[in-house]
Amino acid sequence: MNGDRKVYIVYMGALPEHDYSPSSHHLSLLQEVVDDSGESEALIRSYKRSFNGFAAYLTDEEAKRLSSREDVVSVFPSRELELHTTRSWDFMGFYQPTSVTNLPAAGGDVIIGVIDSGIWPELPSFDDRGYGPPPAKWKGVCNGGTNFTCNNKIIGARHYSGTGSARDLQGHGSHTASTAAGSVVKDASFYGVARGIARGGVPWARIATYSVCGLTCSSADVLAAFDDAIADGVDVITISIGRRSAVDLDRDTIAIGGFHATKRGILTVHSAGNGGPDPATTASVAPWLLSVAASTIDRKFESKVVLGNGKIFTGSSVNGFTENGEELPLLYSINGKIGCTTICQPGCCDSRLVKGKILICDSINGQFLALQAGAKGVVFPYVELDTASVVSLPAAGMDPKRFDAIASYQNSTKNPVAKILKSDTVTDPRAPAVAFFSSRGPNVIVYAILKPDVSAPGVDILAGWSPVASLSDDPNDKRQYHFNVLSGTSMACPHVAAIAAYLKSLHPNWSPSAIKSAIITTENVSDPILALASADFAYGSGQLNPVNATDPGLVYETTTEDDLKLLCHLGYGTSRVRVVTGDNNISCPARTSPTAIKDFNYPSIVIPVPPKSDSFETGLLRTVTNVGSAANATYRAEVVVTTESARELKIQVKPDVLCFEYLGEKKSFNVTVCGGNFPADPFFASAALIWSDGTRSVRSPIVVYTLPPM
């Protein structure tokens, strides 16, 4: 049947409210376009629980014919997505009960849906001792496959066509799930390194796992997981998977799933991606997603190399090996072997020469050859010193200066020897700083929406791990352990999802946008992250502050009307917006522009300016809701400049005092930003609007930048 067909996703918006059979309708549509009467074989899956659509094997021509229908929003190929690969909670000052018998009200009823590579249910991070049965609102199932058992911690499991089980064979899903909601595990470590208590941000929360990643992560499976998670009744969705580049929202499965989750009161937290430090690299661009950048914590892994002459060089790695301080011969090159500039090249790493020695390799990947050939250790150059990589044998990464010094010692010494010590952890006073790999803005799809939204710990995070997954990405590394250390926006994302779940437990009636606003407007903005150029495009509103987020004072809420206006301004048109939302009373204005989304009630303010503009003046409307502890509250506005270039701007807030008389009261204000005669092109300026009642500070970034030439 497949032939020259490939998997397409046919997105059809909201489910009709009248009596409707999605699967029958989908088959009838395929019957109209599939040429060889094989519509039943063409259909892979119907999306029918939370929104409308299907995945099917189609030719390009068949897909084109379907896309021309008025009841179809978009048709696009299913793509392979990639995984965006606890001291962190203490670093942020967020302490939680160590026993499930001491929970916040409704705490144990909060369910986090984890869309990832599955989970290893037997890990100590998912121990369910002390938990009661799943909450009554739970509508999901435990369909984890053969030999997979749920418990009162992992209350639901599903797997999809790309995987044969919800059991995690890669480790990534277990790591993200335990970061968000792992149970308390005392005396956790990585082979004795970074020893302490491991726990998720909300260790009392329940987990539902949706396994969409086997060897690859199919976007068709990701959309199916959203369809199920929404209908199953999760409270928050965390997804650390994504594309390498942004696409239009109606072709982005995570944006589509997140949109329908928001309509059902579920916030989706999404990793920003690992495409940094280049600008405009984040693919998490939809306004209804909470997009997360990665930052460092105050714990850093160090590994030392001691040379035979007594000199000690400090580098970076996560080295859990103990070699008892044994000095071993140090080897760099092979004299006389044609084509071998260093010993760590394919065809050059001769086990007869390297066995039992420490090798100096010109690449971190040299450790794989070294282990296979029987070497006892590796020294390699490593410039990504914000992170430490787990190594498959005793090894240490050195900056270029230290690496050259070690190589010089080896070259100038008759019998060079060295020893590599087990890693240790030290305090990093620079934290938090945005990781070099973390994807940056600006938003290339919705220019006036700041992305990423926030930053959170995503560097060298210790969390649960599948015992059958490689600890170091080296197939020859046969060690098995139930914790591992990883870096990525994948690790940052579940930190924010945990806080979203915590806020949901404290404020069960808050909307997704209210929870999102509470997180965004209470961030920490510290000197290390402010030192970045175009810093707001790196860290969003700042570093996650879990404690302040619980009592934000004011929140910016977006309504369905806001979302509809945004879709109209993005050019989707009345008919398509009606299909997406299921509301036939919607009418888009005749004239729209992507840069006209200025009044979207977002907690941050971004003003994109056309290139070579002599001057501009932009007025924006925002509305805040009083959610503080006191009904009577007065907030005063202050505009703070965070870059020197922002002094070229004139920013006014009217009114600059907001007086509230009851909880839930809404107040609107206008922000006017003027500028001109920019000294540089491209131009970037950053400021912040802060509303304060003397106790709480509600901070919204204001970013002005020039759009690239179209």
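This is a predicted model: local features need pLDDT of at least 70, side-chain atom pairs count only at pLDDT 80 or more; totals for chains, interfaces and linings use all residues.

Reader: Which residues make the contact of α5 with α11?

Author: From α5 come His172, His175, Thr176, Thr179 and Ala180. From α11 come Ser490, Met491, Pro494, His495 and Ala498. By class, four residues are nonpolar, six are polar and none is charged.

Reader: Why is His172 called buried?

Author: Its relative accessibility is 3%. Buried means under 20%. So His172 counts as buried. His172 lies in helix α5.

Reader: What does UniProt list for "active site"?

Author: An unreviewed UniProt entry lists Asp116, His172 and Ser490.

Reader: What makes these three a cluster in space?

Author: They are spread over 375 residues of sequence. Yet the largest C-alpha distance is 9.9 Å.

Reader: Now α6 and α7. Why are they called roughly parallel?

Author: Helix α6 covers residues 219-232 and helix α7 residues 253-263. Their axes cross at roughly 10° and come within 9 Å. Angles under 35 degrees count as roughly parallel. Therefore α6 and α7 are roughly parallel to each other.

Reader: Which residues of α6 and α7 meet?

Author: On the α6 side they are Ser219, Val222, Leu223, Phe226 and Ile230. On the α7 side they are Thr253, Ile254, Ile256, Gly257, Gly258, His260 and Ala261. The residues of this contact divide into seven nonpolar, five polar and no charged.

Reader: One more residue, Ile111. What makes Ile111 buried?

Author: The value is 0% relative accessibility, and buried means under 20%, so Ile111 counts as buried. Ile111 is part of strand β6 (residues 111-116).

Reader: Which residues is Ile111 in contact with, leaving aside neighbours within four places in sequence?

Author: Among them are Pro135, Trp138, Ile155, Arg206, Ala208 and Val234.

Reader: How far apart are Ile111 and Ser505?

Author: In sequence, 394 residues separate Ile111 from Ser505. In space, they are 9.8 Å apart, C-alpha to C-alpha.

Conventions. Residues are numbered from 1 along each chain as its sequence is written. Side-chain values use heavy atoms; hydrogens and water are left out. Helices (H or I, at least four residues) and strands (E, at least two) are DSSP runs, numbered from the N terminus. Buried means under 20% relative accessible area, exposed over 50%, partly exposed in between (1.4 Å probe, protein chains only). Contact means heavy atoms within 4.5 Å. Axes are lines fitted to C-alpha atoms, for helices over the stretch in contact, and angles run from 0 to 180 degrees between N-to-C directions. Angles under 35 degrees count as roughly parallel, over 145 as roughly antiparallel, 65 to 115 as roughly perpendicular and the rest as oblique. Ala, Val, Leu, Ile, Met, Phe, Trp, Tyr, Cys and Pro count as nonpolar, Asp, Glu, Lys and Arg as charged, and the others, Gly among them, as polar. UniProt positions are given in the numbering used here, feature names are shortened, and annotations may be inferred rather than shown by experiment.
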